[in-house]
Structure formats: C-alpha cells, structure tokens
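Let me put the model up, and then I'll walk you through a few spots in it.

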Amino acid sequence: MNRSGTARTIMGIRVTHSGACDRARWWLVALLVALASGLEPAAATTLGVTMIPPVAFTQLLHDRIAEHAKSRSVAVQFAFSPEGAGEQQIAQVRSFIAAKVDALLVMPVDAMANATITRLAQEADIPLVYFNNGPREDWFSGRVAFVLPNDLVAGRLQMRKLGQMLNGSGSVAILAGHPTHSGSVLRTQGVKAVMREFPNLRLVAESAADWDRAKARAVVAGWLAQGLSINAIAANNDEMALGAAEAVEAAGIPAGRILIGGVDAIPDAIAAMQKKRLAVTVHQDAAIQGGKAVDDALALIRSEPVQQYDWAPFELVTERMSTAHFAQ
C-alpha cells in the first residue's frame, strides 16, 4: 500500500519522510547537516582557580575542586602562588578576568592582596568565591561568597584534647603557620584560649614554621638541642606536626613521650597516629570545601542567592577513630 509522504528542504537538501521511522530519519539528517555547517555547542562554563601550590591538604583541596567541577561538566583552570606572594596572585586574577572565565575561586596567599582581588572582581562583575581562607568582614557587595573553616574551633579542639591527655598539667610549644594566614592566627588563638582554662599548662616556646614539614623539623630539633622540656606540641597543621615527630624521633625520644597534635587529618597524619607518633589531629573536609566553592560559584554565575559565609566543619580525630573513620 502506497502512502503519501511529505518533503522538507534543509539547507538545500530535500528530505522526504513518511511515518515515525522516516520522521526520525529526517531529524538525524537535520542534525548531521547542522553539524556539517560548522555550528558548535555553547562554550563550557570555566572557573579560574588561584591557590597555594598543591601539597598535603592543599593537594586534597585541588583534587576535590577538579573532581567536583568535572562532575558538574565545568572546566577549571588552575594557577598557583606561594604564601605571601600577593602581587603574583593579583596578576593571576587579572589574567583570568582578561580570559573571561565565568567565575573566580581564590584561596588567598596574602591578606594584603584581598582588597584588590575583591575590587577587581566587583569591577568586572564576575563572581568571586574565596575558599579555605579569606577576608573577614560583615558584608561584601557584588557576587562574592566565602567557603571557610572556623579555624578558631580547630585550635580549640586540638588543645582541649592535648590538655586532657596531659591531665591539665605540663609544658606546651606551638608551631604556627604562615604569619599572614588568618588560619594560622586563629588556630593559635584557639590553642591559647584553651590553655587559659588549664592553669597548670605553660607555654614554653612558639615559632612560625610556615606550614612546612622541614621547617618544623628544624625548629623542634633546635628546641630539643637547647634542652627545652616539652610535654606537648600543638602544630597548626599536620605537615608541621609530622616534622615535629621526625625531630623527636631523631633525638631518640620514644614515640608518645611528647604529645604532638596537628590539623587537617591528611593520610600521612592518620598513619602516624596509628603508630603513636602523633597524638591527635583535626579533620578538615576538603571535599566539603571544594564542592561548596564550585557550587557557590555556579549559583553566582546564574545570579542566584548564596550564603555569603558558608562554614565548613572541623572534627576531632582520636586514635581510636583514625583507623575506622578516617583512614583511606
């Protein structure tokens, strides 16, 4: 039985179809012709990320941002600046804006550069998300958001556990991070606030080691060489805590005699806790921070409202928890 069909002309090609199968064929031909004509899909959303070079916890942050962006079909361009290199990070932000990325994600390396970075984003009307660290003000105009951990809490959690393990009495040394990093300042404040609650805890030494394992190892080796009596070391991050543990081990002091605490719960720290080389760490969730930073940026691109300050939690890690809950 003959059935009459209909014909359409697509970009000079006459296509005849009849029935459901022929209609499907017509749409396929239309798609192929459109692709042959040079039409391209819309450009992917692109995020420009400038941050501290990826090592230890910052490596976790880098990887989680990349993974979450990929899951959202978003392209990411990374640039890195060392702590204190504010002018370099400003130049990276300018380059991202010139390249017309859709949003900026910034892990600040120098507090003095934050005002300029914020101004550049506001003037370009480009969404800006500070993550892990950032300026602390009541309100920012424009599309600006923050995904931050409460570093004061981290210092308190760490020192409270160390104080309990010392039965409220002993000598404590502090290894601080980079002096321009608000996380270092706040974690140290948290440690000292808890120490004031234990009248028999004494602060016997404090030094900045810039988040670095080798620098922390050298600082602690110097303390021990001077004969300084130390019962506990509160380090602002796990890398410095591990450096302290290496110095203690090199001095021939048995593991656990000096209680050492860190922050971040990186895999090396969890392994050290299982060997009694570290007494405590505080879990900082890179997945939450990286995921929220990407999601907030995408919402701001769409001009949707987000919480200006999106706080990420800390969680105390004890030796008992380290195997079952945090070990990877």
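**A walk around the pocket**

Let's start with Asp 210, which counts as partly exposed because its relative accessibility is 25%. The cut-offs here are buried for under 20% relative accessible area, exposed for over 50%, and partly exposed in between, with a 1.4 Å probe and protein chains only. Before I go on: this is a predicted model, where local features need pLDDT of at least 70, side-chain atom pairs count only at pLDDT 80 or more, and totals for chains, interfaces and linings use all residues. Residues are numbered from 1 along each chain as its sequence is written, and side-chain values use heavy atoms, with hydrogens and water left out.

Back to Asp 210. You'll find Asp 210 in the loop between β9 and α7. It isn't a glycine, yet its phi is positive, about 55°. Most residues other than glycine have a negative phi.

Buried or exposed, what is Ala 209? Buried, because its relative accessible area is 0%. Leaving out residues up to four places away in sequence, Ala 209 touches Leu 175, Ala 176, Gly 177, Lys 215, Ala 216 and Met 240; a contact means heavy atoms within 4.5 Å. Pro 179 is 30 residues away from Ala 209 along the chain, and their C-alpha atoms are separated by 9.2 Å.

The largest pocket holds about 510 Å³ of space. Its 24 lining residues include Ile 52, Thr 58, Asp 210, Trp 211 and Asn 237, the closest to its centre. For the definition, picture a 1 Å grid over the protein atoms alone: a pocket is an open set of points where a 1.4 Å probe fits, with protein on both sides within 12 Å along at least five of seven lines, and lining residues have an atom within 4 Å of a point. The volume is the space filled by probe spheres set on those points.

Which helices supply at least two residues each to that lining? They are α2 (57-71), α7 (213-225) and α8 (238-250). Helices here are DSSP runs (H or I, at least four residues), strands are E runs of at least two, and both are numbered from the N terminus.

Let's zoom in on α8. Ten of its 13 residues are buried, among them Asp 238, Glu 239 and Met 240. The cover over the buried residues of α8 includes β8 (169-176), α7 and β10 (232-235). After α8 comes Gly 252, with a positive phi near 80°.

Two more stops. Gln 89 sits in helix α3 (residues 86-98), and it counts as buried because its relative accessibility is 0%. Beyond its neighbours within four places in sequence, the contacts of Gln 89 include Thr 50, Met 51 and Ser 81. Then there's Asp 125, in the loop between α4 (114-124) and β6 (128-131). Asp 125 is exposed, with a relative accessible area of 53%, and it has a positive phi of about 50° without being a glycine.

Last, zooming out: the protein has eleven helices and 14 strands, and 48% of its 328 residues are buried. Okay, over to you for questions.
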